[in-house]
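Let's walk through this protein together, one feature at a time. Please keep the viewer open as you read.

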Amino acid sequence: MNRRDFLWSGAAATALIVGSAAMLRAGGPKPALAAETFEVTKTDAEWHAILSDEAFDVLRKQGTEYPGTSPLLNEHRKGIFACAGCDLPVYSSETKFDSGTGWPSFWQEIANSIGKTEDRTLGMVRTEVHCRRCGGHLGHVFDDGPPPTGLRHCINGVALSFKPASA
C-alpha cells in the first residue's frame, strides 16, 4: 500500500465512523417520546422562532452541546433553572454540583418537572430526561452522582434558563 492509498483508507474509515455516529443519532424524536402528549406543543417553525439554533438542536432534536461551553456551568447563585422551551422550573440551585463533566449537573430535579425515557443511541443504554410540559430534551441521568440520591442529571445548559432568587 502506497502513501496515497493509506491516506484514502484513513479518510474512508473516518467518514464511516462519522456517518455511523450521525445515523445512530438521526431519526428525530424517539418513539416513546413521540407517543407522549405534552401541554405545550409547537411546530418546528414556532420552536425556531423562540429558540436559538443551538437550543433548538438540543431541545427539539435531542442534540448535545459541547462540554464546557455553557455559561450556566459556572452559575453559582441561588435560584431556579427552567426549561428554555417553556419556562417550567426543572432544577434548583440547591441541587447543583460540579461533576467535572463540562455540563451543568444536579443530583435531583424539582418534583413533577421531568419525564424519562430509555435512550439507546450511540450503542449504549442511557436514561434521557426531558421537560414534562413541552417534551424538550434536557440531557441524561446517570447513577454516579453524590448523596443523597447518588444521581447525576447531566444537563445541556442551552436547554435551560436561569432565574436568580430574589434578595
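A disulfide is a pair of cysteine sulfur atoms within 2.5 Å. With that cut-off, a search of the whole structure, which is a predicted model, finds 0 disulfides. C134 is buried, with a relative accessible area of 2%. C154 is buried as well, at 11% relative accessibility.

Now turn to the nonpolar interior. In soluble globular proteins, nonpolar side chains tend to be buried together. Here the largest nonpolar core has 24 residues, and Y91, L138 and L160 touch the most other members. Two or more residues each come from helix α4 (53-61) and from the strands β1 (79-83), β2 (89-92), β6 (126-131), β7 (137-142) and β9 (160-164). The largest share, 4 residues, is given by α4.

Setting aside residues up to four places away in sequence, Y91 touches I80, F81, F106, Q108, E109, I110, I114, V129, L138, H153 and I155.

Next comes S92, which sits in strand β2. This serine is buried, at 17% relative accessibility. Beyond its neighbours within four places in sequence, S92 is in contact with G79, I80, F81, F106 and I110. The side chain of S92 also reaches the backbone nitrogen of E94, at 3.0 Å.

Finally, consider the charged pairs. How many salt bridges does the structure hold? There are 8 salt bridges, and one of them joins D44 to K61, with the closest N and O atoms 3.4 Å apart. D44 lies in helix α3 (residues 44-50) and K61 in helix α4, so this pair ties together parts that are 17 residues apart in sequence. D44 is partly exposed, with a relative accessible area of 41%, and K61 is partly exposed too, at 32%.

Another salt bridge links R120 and E118, where the closest N and O atoms are 2.6 Å apart. R120 is exposed, with a relative accessible area of 56%, while E118 counts as partly exposed at 48%.

Are the partners buried or exposed in the pair R126 and D119? Their side chains meet in a salt bridge at 3.1 Å, N to O, and both R126 and D119 are buried.

Notes: Residues numbered from 1 in each chain as written. Predicted model: local features only at pLDDT ≥ 70, side-chain atom pairs only at ≥ 80, totals over all residues. Heavy atoms only, no water. Core = buried A, V, L, I, M, F, W, Y, C linked by side-chain atoms within 4.5 Å. Buried < 20%, exposed > 50% of the residue type's maximum accessible area, 1.4 Å probe, protein only. Contact = heavy atoms within 4.5 Å. Polar contact = N/O pair within 3.5 Å; in protein donor to acceptor, adjacent residues only side chain to side chain. Salt bridge = Lys/Arg side-chain N within 4 Å of Asp/Glu carboxyl O.
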